[in-house]
Amino acid sequence: MKYDPKAGVMDRGFFKILGAQFFSALADNALFFAALALLKERHAPEWHLSMLLWCFTVSYVVIAPYAGSFADSMHKGQAMMLCNGIKLIGCLGMLFGLPPILAYAIVGFGAAAYSPAKYGIVTEYLPHEKLVEANGWLEGATVFAIILGTIIGGYLSGASIKKWLEANTLTQDLSSTQFAIVIITLLYIIAAIINSKIPKLKTRLKPFHISPVHQAKEFAWCLKRLWRDPQGQASLAITTLFWGAGATMRLVVLNWAILWLAIDLETATRLIAIVAIGIAIGAVAAGRWVPLNRAFSVMPAGIGMGVLVICMLWVNQISVAALLMLLIGALSGFFVVPLNAILQHRGHQLMGAGHSIAVQNFNENLGILAMVGIHALMVKYLSTQLPENSSALLIVQYAAHGIPPMQAIIIGFGVLVIVCMASIMLRYHCKLKYQVAPNDKA
């Protein structure tokens, strides 16, 4: 079964792929906030919050040489089902007492292997001229999962659910975080059920080689091939920057909201949800109005995103903060979706869907590891002691470990995005001017 152009842009098979991705991503994001709440509950050091995301992400880099080959060695729906099962094991491990960082690392392992399959099946299922629109749907669904997962994770781990559990005889011994993880387990099960319905495509499967030497050589060849392609290089550099910045942004916004806006952690998660709403709006707009052959025209939006990040320093009202988060998200979604689509298209042409997504994941998650790692180090070593007249909210959040250096983090973060985006744009336009090859066309 494969996409039929006469049947319309998106048929039932595509929506099964979309649904499986949505519920799996929903569970991943809800579990992240449940794990954050669990670390807070156990009075873990503040920098452990950054390490939670770091440990989730490291698998994308470590198993990248195997992930692409694994995805291309079987039907993508089957690969998605197996990887969803690994995520479920990590979730259950957290429920039954496994340390949150270790349990979430297992979930990250499943997610790293899941990613080449979920994006690879889209490139196999749809013609290349539909990839920007399909990516708009896929990113929109993923972002909606982030929004809903943020709300679900924050709400289920919050005070209101805790009171409700304590008021019921059957649930008195269950903490709010344990209850949240039980609900999240059900989400993974729903994702597995939808995964089982994904159509099998008539694609040529490639043998999976266990040999680390073979995998390393093959992955190195794929990595070099994509970085040497002009369009692949520019789109890969930008998406690497985007995902590194996006992951760090979640942590920055949490601390910024508590310090600048004087709101608690549960409320602060709603600002992250607003960023995600903006990304969804930008993704849908890009999918509708930016064709694949004009994907690189959206690059200036990345510079605008960096400028708006620096503007966070002058915002101290929740309503203005919400508007700023929406704009940052919209610019992010608008520039990343077309570039993600052209990266998938070029990768599929050069080396195959699974391998190209694995290379993409390797680079993007190296970006996440680097930026989240720098954030964790700044929080650990540059935090300052709490003033004596601090509010009860700040004492709850930062008494044990001090206040993170938010001015340095926000300015550094914004300037890094601006400089990197401007450098990538300049390099790409220089290559277009001096190096035009027939195979550079999308």
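I looked up Arg-250 first: its charged end sits over the ring of Phe-32, 4.5 Å from the ring centre. I counted a charge as over a ring if NZ of Lys or CZ of Arg is within 6 Å of the ring centre and within 35 degrees of the ring normal. Lys-87 also lies over a ring face, that of Tyr-114, at 4.2 Å from the centre.

**Ground rules.** I am working from a predicted model, in which local features need pLDDT of at least 70 and side-chain atom pairs count only at pLDDT 80 or more, while totals for chains, interfaces and linings use all residues. Residues are numbered from 1 along each chain as its sequence is written, and side-chain values use heavy atoms, with hydrogens and water left out.

**Confidence.** I noted a mean pLDDT (the predictor's confidence in each residue, from 0 to 100) of 81 for the protein, with 90% of its residues at 70 or more. Helices here are DSSP runs (H or I, at least four residues), as strands are (E, at least two), numbered from the N terminus. I marked residues 1-9, where pLDDT stays under 50, and residues 436-442, where pLDDT also stays under 50.

**Aromatic pairs.** I found eight aromatic pairs in the structure. Rings of Phe, Tyr and Trp (its six-membered ring) pair if their centres lie within 6.5 Å; planes under 30 degrees apart count as stacked, over 60 as edge-to-face and the rest as tilted. Phe-32 and Tyr-104 make a tilted pair, 6.0 Å centre to centre with 40° between the planes. Phe-32 is in helix α1 and Tyr-104 in helix α5 (residues 100-125), so this pair ties together parts 72 residues apart in sequence. I checked burial (buried is under 20% relative accessible area, exposed over 50%, partly exposed in between; 1.4 Å probe, protein chains only): Phe-32 is buried at 1%, and Tyr-104 is buried at 3%. Phe-219 and Phe-362 pair edge-to-face, 5.2 Å centre to centre and 80° between the planes. This pair links helix α9 (residues 212-228) with helix α14 (residues 353-382), the two residues being 143 apart. I also recorded a cluster in which ring pairs link Phe-32, Phe-33, Phe-56 and Tyr-104.

**Asp-28.** I went back to helix α1, where Asp-28 is found. Asp-28 counts as buried at 9% relative accessibility. Its side chain makes a polar contact with that of Lys-87 at 2.9 Å, and another polar contact, of 2.6 Å, joins it to the side chain of Tyr-188. A polar contact is a pair of N or O atoms within 3.5 Å; within protein, one must be able to donate a hydrogen and the other to accept it, and residues adjacent in sequence count only if both atoms are side-chain atoms.

**Core.** I listed the largest nonpolar core, which has 136 residues; Leu-31, Trp-256, Leu-271, Met-312, Met-325 and Phe-335 touch the most other members. Helix α1 (residues 12-41) gives the largest share, 17 residues. A core is a set of buried Ala, Val, Leu, Ile, Met, Phe, Trp, Tyr and Cys residues joined through side-chain atoms within 4.5 Å. A second, separate core of 14 residues includes Cys-222, Leu-226, Leu-343 and Leu-350.

Methods. Contact = heavy atoms within 4.5 Å.
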